[in-house]
Amino acid sequence: MDKLLIAGGRPLAGEIAISGAKNAALPILCAALLTREPVTFTNVPRLNDIATLFKLLAQMGVKVERGAGDEVTLDASGLDNPLAPYEMVKTMRASILVLGPLVARCGEARVSLPGGCAIGARPVDQHIRGLQAMGADVRVEHGYVQASVPRLKGARLFTDMVTVTGTENLMMAACLADGETVIENAAREPEVVDLANCLVAMGAQISGAGSDVIRIRGVERLHGTTHRIMPDRIETGTYLCAAAVTGGEVRLTGTSSCYLDAVVDKLMDAGCDVTSEREAIRIKAPARLNSVSLRTAPYPAFPTDMQAQFMALNCVAQGAAMIRETIFENRFMHAVELQRLGADIRIDGNTAVVHGVERLQGATVMATDLRASASLVIAGLVAEGETTIERIYHLDRGYERLDDKLAALGASVRRLS
Ligand SMILES: CC(=O)N[C@H]1[C@@H](OP(=O)(O)OP(=O)(O)OC[C@H]2O[C@@H](n3ccc(=O)[nH]c3=O)[C@H](O)[C@@H]2O)O[C@H](CO)[C@@H](O)[C@@H]1O
Ligand SMILES: C=C(OP(=O)(O)O)C(=O)O
């Protein structure tokens, strides 16, 4: 199993390009299921999650063609097997995103429950309830969500909590439904907006994406288009934290601070100088950061996907910080591993109190989930001596060429196979 070896203590410097967003690409690639015409996507990140999704789509009868560079064309004209088997779904929760498009296009779907994961139980009851409200017969049997309906009907949907993939699944399903669907309490994440933009380019009638009420007027069919995936705001935020913690100076291209206000504000509170350009962000960090408290919440508030990275940052900052996680019930797994590096963290329920220490010390640690792994990388970059991070397959799910990008910024990072 691959490991990452990091020799800490080098300030990051230089420029790297940010990849397309995993969390936008996953739903947007699933949108290709909604049409018989080929859809071409650019800025598609080369990630294990994306490769898993391609395998899943291919076994349904979708033709997947990798073009030059970051371009991919999906042709779902031969879609004949609306099934997502457990073996392909178990490593990636986002595979539930095929459910809405399959029911809408084929009138039936059999999708394995994605299962619990390290950060929480993550049920999909809201996805199911939404489809039922649109007239589908949906049952969970033998670990599979089984859905059928001659044609979905537009409905007024209200989710119990803000759910990102829930909003995306229901929005995709509603595109081919009979009549108007209104999703209230919708997620406002930029990835939802990117998906809506792609669907509109495919002929869907959607308004309100980016607000908490999305209206979709169903159409008979969608058509092909070309869509560029938005930049990955979480990858961007992760490299900003890595630069910040090492006292570095870095420019990130192909991205924008407009998706990252809450994160940039916290970095400025920590003492960093962050400058926004049209399609780039520059950060210059002080020798030592100030600690920053935060509370995660749905967009536009501070993202849960950046909580672990900020915990790492607070481990070596001046002062104490309080971190409250309000989205997932088990998203502090990185704290124990950070403690192995010498961090002073106390956890009480969904709150972590971090007292900054002068220095962390390299050790062997274990990655437990995607962003937890990123926090260990950040801590390793600033720890004295060598840090070995095991189980980095989590990182490969969501960070394109992380080791190469860090090396390009001057970090000492080696992958051991
Ligand atoms: C592929 C993707 O885009 N993943 C992101 C997406 O995950 P994902 O869409 O899975 O997260 P949700 O927004 O759905 O989850 C929010 C909360 O609602 C709960 N919930 C959700 C749906 C449901 O049917 N029932 C239910 O109880 C979840 O357990 C969680 O506690 O948004 C999360 C929150 O910003 C991010 O951390 C993930 O990176
Ligand atoms: C939790 C995440 O992803 P997923 O929903 O794909 O597990 C993430 O991107 O941090």
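Which domains does the domain assignment of the protein give? In this predicted model, the assignment gives domain 1 (3-19 + 231-416) and domain 2 (22-228).

**Figure 1. Contact between domain 1 and domain 2.** Taken over C-alpha atoms, the centres of domain 1 and domain 2 are separated by 30 Å. The contact involves 18 residues of domain 1 and 15 residues of domain 2. On the side of domain 1 that touches domain 2, helix H13 (residues 393-398) supplies the largest share, three residues. That side of domain 1 has eight charged, six nonpolar and four polar residues.

**Figure 2. The shell around ligand 1.** Ligand 1 is surrounded by 21 residues, of which the closest are Asn23, Gln126, Thr163, Val164 and Thr165. Helix H1 (22-31), helix H5 (125-133) and helix H6 (164-175) are the elements that each give two or more residues to this shell. By class, the shell around ligand 1 contains nine nonpolar, eight polar and four charged residues. Domain 1 (3-19 + 231-416) and domain 2 (22-228) each contribute at least three residues to the shell around ligand 1.

**Figure 3. The shell around ligand 2.** The residues that surround ligand 2 are Asn23, Arg93, Ala94, Asp305, Leu370, Arg371 and Gly398. Three of the residues in this shell are charged, two are polar and two are nonpolar. Ligand 2 lies between domain 1 (3-19 + 231-416) and domain 2 (22-228), because both domains give residues to its shell.

**Figure 4. Packing of helix H6 against helix H7.** Two packed helices are described by the angle between their axes and the distance between the axes. For H6 and helix H7 (residues 190-201), the angle is about 15 degrees and the axes are 10 Å apart. Angles under 35 degrees count as roughly parallel, and H6 and H7 are therefore roughly parallel to each other. The crossing of H6 past H7 is right-handed.

**Figure 5. Residues in the contact of H6 with H7.** H6 makes the contact through Val164, Thr167, Glu168, Met171, Met172 and Cys175. From H7, the contact residues are Glu191, Val192, Leu195, Ala196 and Leu199. Eight residues of this contact are nonpolar, two are charged and one is polar.

Key
Residues are numbered from 1 along each chain as its sequence is written. Chains are lettered from A and ligands numbered from 1 in the order in which they are written. This is a predicted model: local features need pLDDT of at least 70, side-chain atom pairs count only at pLDDT 80 or more; totals for chains, interfaces and linings use all residues. A residue is near a molecule or strand if its C-beta atom, placed from the backbone, lies within 6 Å of it. Helices (H or I, at least four residues) and strands (E, at least two) are DSSP runs, numbered from the N terminus. Ala, Val, Leu, Ile, Met, Phe, Trp, Tyr, Cys and Pro count as nonpolar, Asp, Glu, Lys and Arg as charged, and the others, Gly among them, as polar. Domain bounds come from an automatic or database domain assignment. Axes are lines fitted to C-alpha atoms, for helices over the stretch in contact, and angles run from 0 to 180 degrees between N-to-C directions. Angles under 35 degrees count as roughly parallel, over 145 as roughly antiparallel, 65 to 115 as roughly perpendicular and the rest as oblique. A crossing is left-handed if the near helix is turned anticlockwise from the far one by less than a right angle, and right-handed if clockwise. Two residues are in contact if their C-beta atoms, placed from the backbone, lie within 7 Å.
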